[in-house]
Amino acid sequence: MQVVADLHLHSKYSRAVSPQMTPPVMSYVGKQKGIDILSTGDWTHPLWFKEIRNFLTEAEEGLYKIKNPKLGEEKTRFLLSVEIANIYSQNGKGRRIHNLVLCPSFETSEKINKELIKRGYNISSDGRPIIGLSSKGLLELILEIDERAMIIPCHIWTPWFGMYGASSGFNSITESFGDLSKYIYGIETGLSSDPEMNWEIEELNTRSIVSFSDAHSPAKMGREVTVFDLAEPSYTAIREAIMAPLLTSEGKDVRNKVAYTIEFYPEEGKYHYSGHRNCKITFTPEEQKKSGGICPVCGRKVTDGVMRRVQELASEAPRGVAKQNEKGLKWITDPKKKHPPFVKIVPLNEIIAEAIGRPVSSSKVKVLFDELCLKLESELHILLKANIQDIAKIAGEKVAEGVQKVRTANIVIKPGYDGVYGVVKIWHEGKDVAKDTDIETKKPQLGLNF
Ligand SMILES: [Zn+2]
Ligand SMILES: [Zn+2]
Ligand SMILES: [Zn+2]
């Protein structure tokens, strides 16, 4: 059975998060978007821990649902996961790494929280706590409490806070986690990289490459998700699915695995290219090399983008092969069959906004979005599977055309850099750009070709 999961979310107790990130709203929005399992987020925060414990009850092993059906969508499941910021120094260098901790039960979460408090870490000031413990130290702590708990390094390529980050990260999982690296079964790509950019990293061959939204508001939920193939949904099944590449490499049979991931266009992420936000300078990896990495405006070193960092650590150029299905959807598959395929999407509200010429946050966009999701199952169903004619009947020809253009990757993106999101253009100045500026044919400009 295929199950859509978004296991990296934040609650209203994390900094810069919408007050709407509460169990009821998250459960409704999860259903509307077609996400079956959501992260609770932030379970280290004492007030949030209390709130989710009150709202949720166990439905399947390690998966929780809304206790009172009047207060949320009963079908949505929650899994206990929290992002922790580890800030420490290792081998004479300052490290700032974000790690996702997945937990099989409230009991285990509670024990981990107690241990963190006992060691003097402040877990109540933010939903995403900052602790002065190394990634390896955190992994050791959680495994001692419950060996079923897991760490997935988050958005691994971002210059700050990513495990492979150019500024405060490491060159490998082994360097970061030492002798415990065998317990790292998967990594999160983050918005600025897609799986293909990770396929040439050797040590990821025996690990799952997963994608989640890291949403700070309901609207952003599901912008990246992982679709699992599970015999029966449970925490243990999801854990086995994430461990599947390792288990398979050891010759073991697995019943659970990652089927595919749904991705943001990595160019749309905030750190795809290198550059300086304040100087409005952006560099492709090639331009960065030519300029010596120095900003022509302020004369300082530019902030490294994910693209350049991937090129530094990858052994070869990307190998993905594009295949289009009968719905026009473009799948990127791995010719070496080491990793599952993926698709890239643009959030539906962004497509609607551009089609009708209104801001994404406008009520017109929201009304159309809600109507489409109500009549055509869910946002993910509309983006990936719905008949284009059905979309046209509800939202008009232009929105339908936009969805089709996104499915076929016939869009243009100005890549993000130094904390600035990339800008998506589905219709390039009003003309169809299929022939001259489509993402695929313009690969070198977007820096996808290395
Ligand atoms: Zn993070
Ligand atoms: Zn996060
Ligand atoms: Zn500058």
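**Close-up views of a predicted protein chain**

View 1. The buried residues of helix 9 (residues 306-313) are V306, M307, R308, R309 and V310. A residue is called buried if 20 or more other C-beta atoms, placed from the backbone, lie within 10 Å of its own. Helices (H or I, at least four residues) and strands (E, at least two) are DSSP runs, numbered from the N terminus. The buried part of helix 9 packs against helix 6 (195-198), strand 13 (274-276) and helix 8 (285-291). The model is predicted: local features need pLDDT of at least 70, side-chain atom pairs count only at pLDDT 80 or more, and totals for chains, interfaces and linings use all residues. Residues are numbered from 1 along each chain as its sequence is written, while chains are lettered from A and ligands numbered from 1 in the order in which they are written.

**View 2. Strand 6 and its two partners.** Eight of the 11 residues of strand 6 (residues 93-103) are buried, so this strand is largely enclosed by the rest of the structure. Strand 5 (residues 77-90) pairs with strand 6 in the antiparallel sense over 11 bridges; strands count as paired if DSSP finds at least two bridges between them. Within strand 6, L100 stands opposite E83. Two residues lie between strands 5 and 6 in their hairpin, where N91 in the turn has a positive phi of about 50 degrees. Strand 8 (residues 150-153) runs antiparallel to strand 6 and is joined to it by four bridges. The bridge partner of V101 in strand 8 is I151.

**View 3. The largest nonpolar core.** A nonpolar core is a set of buried Ala, Val, Leu, Ile, Met, Phe, Trp, Tyr and Cys residues joined through C-beta atoms within 7 Å. The largest one has 115 residues, of which L79, V101, L102, I151, I351 and I352 touch the most other members. Helix 7 (residues 235-249) supplies the largest share, seven residues. Leaving aside neighbours within four places in sequence, I351 is in contact with V346, V399, G402, V403, V406 and I426; contact requires C-beta atoms, placed from the backbone, within 7 Å.

View 4. The domain assignment gives domain 1 (2-268) and domain 2 (347-446), with bounds from an automatic or database assignment. Their centres, taken over C-alpha atoms, are separated by 28 Å. At the boundary, 12 residues of domain 1 are in contact with 15 residues of domain 2.

Definitions and conventions:
Buried ≥ 20, exposed ≤ 12 C-beta atoms within 10 Å, placed from the backbone. Contact = placed C-beta atoms within 7 Å.
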